[in-house]
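Dear colleague,

Please find below the structure that I am handing over to you. My notes on what was found in it follow directly after.

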Amino acid sequence: MAPIAVDVVEPTVLPHKGGIPLGNGKVHATGGAQVAEGKWKEFSFEPIRESQVSRAMTRRYFEDLDTYAESDIVIVGAGSCGLSTAYMLAKARPDLKIAIIEAGVAPGGGAWLGGQLFSAMVMRKPADKFLTDLGMPFEDEGAYVVVKHAALFTSTLLSKVLSFPNVKLFNATSVEDLITRRDDSAPGGLRVAGVVTNWTLVSMHHDDQSCMDPNTINAPVVISTTGHDGPFGAFSVKRLVSMQAIEKLGGMRGLDMNVAEDAIVKGTREIVPGLICGGMELSEVDGANRMGPTFGAMALSGVKAAEEALAVFEERKKENAY
Ligand code: 48N
């Protein structure tokens with residue numbers, strides 16, 4: 001099936017004043033190409049003092065830490081499910097403060113490649129509707145669609161999420177515990193009321209460096225999408241077991257695409273009061289099958305997680321108990 005065409009923006013062309021030769025006797029001399037107008041010898045950046053760079057970064061980062069110390073929703077893990085959740089939430093509720101905590105320097109989790117390091121990303125319908133919402137070109141193969149490179153999906157989704165003014169991504173930052181409140185009405189006797197964070201490099205060295213206490217973010221709703229079990233995976237559900245808020249993990253089962261994807265999307269839910277679990281982390285709770293190299297369930301689990309989160313958020317805000 002032919003790929004859906006996307007608009008190619010023709011570069012504007014100005015009379016020759018330097019610029020990028022277009023190969024037809026004309027030059028592309030707007031925007032970046034206009035920088036030197038061919039006179040690279042005279043080119044120079046505006047002057048700066050190093051402290052200006054330092055202050056520009058630190059002032060903004062610490063303002064963000066202050067702003068998001070009280071967040072409305074925290075998403076743990078910026079993989080395909082966490083980013084899809086953030087996209088749906090930020091679009092629906094520009095009034096909410098949404099913090100995304102991502103352990104890696106590079107967000108995106110396992111969605112930079114398809115299966116076995118191949119490039120193409122497969123999504124089964126109806127996940128194509130999410131891609132269309134995102135403005136993502138794909139090849140339509142009938143029951144499924146193919147994005148030509150997984151990195152195109154993830155970078156597009158990431159750029160849209162980061163463009164929302166009510167979203168802040170704290171990457172290279174790990175959630176290393178959960179903030180909880182006693183709640184005798186809850187099955188495990190507790191409710192989640194935020195997250196405990198630290199620089200990931202610090203979290204990795206608690207065994208060989210003492211007294212590196214964490215930071216915190218309060219929030220009535222936490223959405224955990226930390227992926228299936230692995231060095232960093234399934235963090236929140238493993239922590240809920242260790243604090244006896246849930247009895248045990250079901251453990252991810254073998255690969256079965258048709259069973260796995262429906263189970264993950266349908267199972268995305270609040271697993272203890274205040275904590276919603278989605279994406280492959282959920283397979284560890286429910287003992288769901290894995291689906292392997294098809295990503296529609298990650299996107300649509302994000303859609304469902306967003307819906308669940310907004311329902312829980314309204315309830316929590318009413319109780320003001322977090
Ligand atoms: O991509 P992942 O691992 O997780 P999901 O659920 O968004 O997407 C899963 C998907 O990539 C698959 O596994 C595919 C469909 N394959 C399935 C199969 O059968 O093999 O993203 C999780 C993110 C990562 O970026 C981690 O770095 C991050 O969560 N993370 C954390 N971030 C902050 N604090 C933590 N404690 C933490 N743990 C993990």
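Predicted model: local features only at pLDDT ≥ 70, side-chain atom pairs only at ≥ 80, totals over all residues.

Helix H2 (residues 80-92) and helix H9 (residues 296-319) cross at roughly 45°, and their axes come within 7 Å. Helices here are DSSP runs of H or I with at least four residues, strands are runs of E with at least two, and both are numbered from the N terminus. Axes are lines fitted to C-alpha atoms, for helices over the stretch in contact, with angles from 0 to 180 degrees between N-to-C directions. H2 and H9 are therefore oblique to each other (under 35 degrees is roughly parallel, over 145 roughly antiparallel, 65 to 115 roughly perpendicular, and the rest oblique).

Residues are numbered from 1 along each chain as its sequence is written, and side-chain values use heavy atoms, leaving out hydrogens and water.

Turning to the ligand, a nitrogen atom of the ligand lies 3.0 Å from a backbone N or O atom of alanine 103. A side-chain N or O atom of arginine 290 is 2.7 Å from an oxygen atom of the ligand.

Two loops also deserve a look. The peptide bond from lysine 125 to proline 126 is cis, with omega near 10°, and proline 126 sits in the loop between strand S5 (121-124) and helix H3 (128-134). Alanine 172, although not a glycine, has a positive phi of about 55°.

With kind regards

Note on methods
Polar contact = N/O pair within 3.5 Å; in protein donor to acceptor, adjacent residues only side chain to side chain.
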